[in-house]
Each structure stands twice: as C-alpha cells, then as structure tokens.
Amino acid sequence: MTDDAVVRATGLGKDYGARTAVDGVDLEVAPGQVFGFLGPNGAGKSTTIGMLCTVIRPTRGRAEVAGHDVLRSPDEVRQNIGLLFQESTLDADLTAVENLRFQAELYGLPRRHARTRIDTMLDLVDLADRRDDPVRLFSGGMCRRLEIARGLLHTPKVLFLDEPTTGLDAQTRVAIWEHLHRMREEAGLTVFLTTHHLSEAENCDRIAIIDRGGVVAEGPPAALKAVVGTDLVTLRTGDDQAALRAVRTRFGLDGDVGAEGLRIRAANGAHLVPRLCAELTVPVHSVVVTEPTLDEVFLHHTGRTIREPGPRTAGPAVGSRS
Amino acid sequence: MPRTVDPAAPAPVHTARLGRELRAVRVLWLREVIRFGRNRLRVAMALVGPLVFLLILGTGLSAVMGGADFRGYLFPGVLFMAVQAPALAVGISIVWDRQSGFLRQMLVAPVRRGALVAGLCLGGATAGTFYGLCVLALAGVVGVPYSPRLVLVVLELALISFTFTAMGVLAAVCIRRIESFQVVINLAMTPLLFLSGAVFPASGLPGWLAVAVQANPMTYAVDAVRRTMPGGTAGLPGDTGPQWWGTTPPLTLELGLVALLAALAVTVASKRFAHTD
C-alpha cells in the first residue's frame, strides 16, 4: 500500500527566515482516499499544501505527488493535480463557461475534448443552466461548485482543497461534500483537504493533525478518537479546586481546572454524573458530558482546543505531545 | 441520470509542449482583451486624460506661444500617455489577482511563467494600441496628415505599449499591496513623462536634469514617435531631441532600446513570478 501512495512527503519543511512554518512533515495518502489535514489557523496547513502543489518551494525534505517529485518535475505534478484555494479564485468578469475555457486552455486540453468535458463538469456541479452568466452574479456556494468543476477539468489524480467550505452556510457545505464524494466514487479521485472544522474532518477516510508545523497524530478519525477513549466531564461548581480534591480522593480520578471549569476524564461519563452530584459537597452549577470528538483528539495531542488560539508558548494543560 | 461522458475518462493526450505554451499565451491575452472590452467606462475614462492634455493644454499653450502649433508638438506625447494607461490597468489586475488568488491559480498550471507574463503583456499592448488608435484618429485636428506613415506610428505605439505593460507587470510582481502599487506607479510616471520630452522640449532643462532625460528610456520612445510622425508639425524650432555626443541616435537604435527594456522587464518579471513566496 505504501508503494502506490499518490501523495508522499518525507521530512518536508519550510522556513521563512528564522521562523519555521512547517517542520518535517511525513505523509502518505493512498489513491482514492479522502485525506484530511486538520489543524488550527497558522499551524502550517496551507504552507504544506502549497509545497505539495509546487507553489511554495520547500526548505528541506521531499515530496512526491502522483509519482512525480515536486522540485524536480513540477510540471508533471501540476498536470496531475487540481487545486481549490481558501478564497475564490474565479475571474468574476468572465462567465462560468469562460472561466472553465480559460482553465482548459491553460492546461492544454485538446479543444474538442475540452468542449464536452466542460459541459460534463457544468452538468455535474448543477451549473449547466448558469453557464453564460458572469461569475460576479454567483453565490458563494455556486462559486465553490464552479471551482470544483474547474479543479477537476483536466482529470487530475489528486484534488487539493484548502479550507474548501470556509464562509459557506451549513446547507451549502453539505452539498459541496456530496459533490466531492460523488467525484471520488465516479472518478476514483484522491482528495487532500485542509480544514479547521472538526465536523468536516469526520468526512475523511484518514486525517493527520498538524500543530505548530508538525504532524502530531495520524489515522482514521475513529482510531484517533479511540486514542482518547474516554469521555470528558466538565463541571462548573462553587469551588472547582475543592471539587477537584474531592474527585481525586473519593473517585480516584484525575482532572484539571481550566477556564471552562473542572474537567475530568472518565470511561463512562454519564454514569459518573449522578454520583458526582451526590457526593460533592460544593454546589454544582452545571455538568456537561462530551464523548470524544476530533476536538478532544486535538486537545489530547496539542494541549489546546482547536478554537482557542492560545499563547504559542503555553505549556500543555492536558495530556502531552507525542 | 446517464451521462454521455464519463468523468473518469482517461486523461486526454495533452498537446505538445510548445503548442501548450502558445495556447497559454493566447488565452491570457484573450482574457485581458475580453476584460478590456467589457469595461467600456474604463476605456472612456482612460482617454479623457490624454484628450484634456491635447485639446485644452495644447490649445492654451499654442495661443501664448504665438507662431508654433504646440498641439502638433504635444501629439506624440499625448499618444504616449494614452498607450501607457493599460500598463497600469494590467499591473493593477495582477496585484488584484494576487489578492483574489487568481494568480496562484495560474501559477499552478503546467505552463512556463514566461508564457504567463508574455500573454499578460500582449494583452496590455493590444489595449494600449487601441487607445493609441483612438487618439491617432484625431491627427487631422492637430494638423497631422493621414499618411501611410501612421502605420509605422501604430507599430511603434504597440511596441511602447508592450514595454510599458512589461514594466507594469514587473512592478506588480515586486509590489504586493494595491495601495503601494498605485503610489509607486503614480510617483514613477510623472517624472518619466516630464523628463521624456513628451510635454515640453527637454533641451531647455538644466544640465543635471538633462542627464536624467538622457537616462530615461521613455525619451527615446517619445523621440521615435516624434520622428516618425508625418507632416513635420511634431518638431519645435530649437528642439533637437536626445543627443549622444552631439549626434542624434538612429531611429532603429531608439526603438531597439525600447525593445531591450521590454525584454529585460519580461525576463525579470518571469523570474520573480516564479517566487510566489
């Protein structure tokens, strides 16, 4: 399986002056997978994708996409990848079909083939009836769909998506995912995406969690969640420190006090709640039980939740970086 | 729903390398031309400036200068001003494309950067030549006869416009913020224009400024147009144009200088284009 990896990075790194943006990323993506690259803003996701797509020159390490080295044969890599950026990169002055034609010309698709291919792709993303409208008049979701069509126009082996659903409403987001899954099934496409939406990462076959320029965990979402394994019980009490002492002595469980209150890890959180309420002497204001999510996984590996940017130098609050 | 074309169809055979590059040049050129054609207001606005110079400033100065028709002298300079407008527009669209990400989209295409730059410059040159033609249509108004020599003038304008666009592209790939780009271009254009002999004869300037005039490549571009202009109204008494050790450089050398500048700008811009980070 490792032999036919369609994306492979070994010790891939990028420095900007003295600052290290990406620090030795190792990755392998098998053909036909939806691979998610999960991390907070500024973790090095976009830089990594930029290096894999030959837009950013790596400082060290190697990367191969579709069997071609990104440094030695960038043109072959470019021929085999489609790319969707965080922001819309359509030409708003041109119509939908002109945008696709532009791409077809740029990629040197034979003209006769390009015409049918453009029709197919417009059909596939349900924009056939808007083909001659200027992109200026399109909604965010329509733009994204058109960009997917454009990214796949030259039949790439890998589609890279950098934060594909940022700024879209939930309904559109679901629709985009439906399109992506359909493309994958019909075209055997490999999808490589970055996201900081945990819900989106759950759509992936495998995910890699990146933080501060390095991959801290990698595997199928279910396996990553199993690593955390335990539920998280978050309590708000009259005196969190006293409650923590009580939890330690009476339940033999450990926890920590943070901004969100007292957090306790337990194999079965729901069972613990009634006993906690009965035995704690301090007043309990609220209890929340959370099953492991990718957010938990992220927290487990990085010591931060994905939403709180947090000071860059803050030590881990829970767990440790492995 | 049955589809006639399978999205998983095997990747088509891509056309040969050179053909692909040429198609990329063509499509970038076409994009600029389409965008140019759709923005009629921009076209009209860009012509206002040169026409104000020609008809108002030119007419006013002709009156105070007595004998000579200053508009005839101003005509090459005004053509020169007209063809440089798209350079700014193409430059701005590059800076804009960078911000909107369209530039990155082009940069991941399997095409040489030189082809991208060439396509953009040809697009700008086409638009510039069109502006030039619009102003040139007024030749009769300022006493320039409609002679076949004007075809040569148009070709020169095309070259100058290409050079301007190439420099605009070069500035755009070096300057990443749209505000800075506009400031830099405006700051650069005014002295380049005034020190080129486009608006008034440079021979009246003091020595140190005369050096700047000699070093300004635009001087030779304006002079080339002035010397090609039919009818003999483009010269002013006492104005000799740029002098090298007391002689006037040949017309072909002047145009060669302009072409060299274009080649240099395209080469450097292509190099810089590759370094997106």
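## Cores, fold and cysteines

Leaving aside residues up to four places away in sequence, F160(A) touches V7(A), I49(A), L52(A), C53(A), V65(A), I81(A), G82(A), L83(A), L84(A) and F192(A), where a contact means heavy atoms within 4.5 Å. This is a predicted model, in which local features need pLDDT of at least 70 and side-chain atom pairs count only at pLDDT 80 or more, while totals for chains, interfaces and linings use all residues; side-chain values use heavy atoms, with hydrogens and water left out. Residues are numbered from 1 along each chain as its sequence is written, and chains are lettered from A and ligands numbered from 1 in the order in which they are written.

F160(A) is also among the residues with the most contacts inside the largest nonpolar core, together with V65(A), L106(A), F192(A) and F75(B), and that core has 107 residues. The largest share of this core, 15 residues, comes from α3(B). A nonpolar core is here a set of buried Ala, Val, Leu, Ile, Met, Phe, Trp, Tyr and Cys residues joined through side-chain atoms within 4.5 Å. A second, separate core of 47 residues includes L84(A), L180(A), L224(A) and V228(A).

Chain B contains ten helices and zero strands, both taken as DSSP runs numbered from the N terminus (helices H or I, at least four residues; strands E, at least two). Of its 277 residues, 47% count as buried, and among contacts between residues at least 6 apart in sequence in chain B, 79% join residues at least 24 apart.

Helix α3 of chain B, residues 70-100, holds A87(B), which touches F164(B), T165(B) and G168(B) when residues up to four places away in sequence are not counted. The C-alpha atoms of A87(B) and T163(B) are separated by 8.6 Å, although the two residues lie 76 residues apart along the chain.

| Residue | Relative accessible area | Class |
|---|---|---|
| A87(B) | 7% | buried |
| C53(A) | 1% | buried |
| C174(B) | 36% | partly exposed |

The structure holds zero disulfides over all chains, a disulfide being a pair of cysteine sulfur atoms within 2.5 Å. For C53(A), the nearest cysteine sulfur, that of C204(A), is 16 Å away. The sulfur of C174(B) is too far for a bond, because the closest cysteine sulfur, in C121(B), is 13 Å from it.

Terms used. Buried means under 20% relative accessible area, exposed over 50%, partly exposed in between (1.4 Å probe, protein chains only).
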